[in-house]
Amino acid sequence: MEDVKDKKLALRRETRERITSLNSRELAQKQARIEEQLLEFANFQESEMVLFYLSRGVEIDLSRIIEACPRLGKEVVLPLFDHKKRTGCRLLKITGMETELKAASGNEFEPDPDQCKPVSFDNIDIALIPGVAFDEKGGRLGDGSGRYDRLIPLLPNTARKVGLALESQVYGVLPMESHDKAVDIIITENRIIYKI
């Protein structure tokens, strides 16, 4: 088991190095192409209530897509994790990132429960799931907190779980443990990968 944890740590390090080796212009172009791919993706176009995330580290930044959602007729939902219990998570609908987010630990932000309306997990049509790395079978390597491995099983079976990643974040096979949860689809700047 320790061997798998070591492999995961090494992959997180390798992936961060891959991303930080890209120049800012190249990274922005790849990011823009991923956004285009998502906007053209049929499941996203047909969705009404979308679960987003606020990016950390090398995760794909979704802020421009979130800002475009009102004119696209999409409801924006963000998770609020209970950092004390480590098991709790609520979903909150936001209508404005400037007014309904509050500072969390470090340089991170989270939805403000005093400003946002709660949403049932059952109402989510598509869930955008963050990751440091993915594999072609839908395997996902997160930041190590386990937050999304606990969130994914709470989503309805009908909700597509979609990972967004640069091609350099996609591997043939990732080391997975029994508690690791996969995504259904991965969208990169070059392709859409359906879980095999």
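Contact, in these legends, means heavy atoms within 4.5 Å. The model is a predicted one, where local features need pLDDT of at least 70 and side-chain atom pairs count only at pLDDT 80 or more, while totals for chains, interfaces and linings use all residues. Residues are numbered from 1 along each chain as its sequence is written, and side-chain values use heavy atoms, leaving out hydrogens and water.

**View 1. Lys 161 and its surroundings.** Let's start in strand β10, residues 160–164, where Lys 161 sits; strands here are DSSP runs (E, at least two residues) and helices are too (H or I, at least four), numbered from the N terminus. Leaving aside residues up to four places away in sequence, Lys 161 touches Ala 127, Ile 129, Ile 152, Leu 155, Pro 156, Val 183, Asp 184 and Ile 185. Lys 161 is buried (under 20% relative accessible area with a 1.4 Å probe, protein chains only). Lys 161 has no salt bridge (a side-chain nitrogen of Lys or Arg within 4 Å of a carboxyl oxygen of Asp or Glu). Its nearest side chain of opposite charge, Asp 184, is 4.5 Å away; Lys and Arg count as positive, Asp and Glu as negative, and His and the chain ends are not counted.

**View 2. An open sheet of three strands.** Follow the order β9-β8-β11, with mixed pairing; two strands pair if DSSP finds at least two bridges between them. The edge strands, β9 (140–141) and β11 (170–171), each pair on one side only. Strand β8 (residues 133–135) runs antiparallel to β9, joined by two bridges. Look for Ala 133, which stands opposite Leu 141 in β9.

Notes
Buried means under 20% relative accessible area, exposed over 50%, partly exposed in between (1.4 Å probe, protein chains only).
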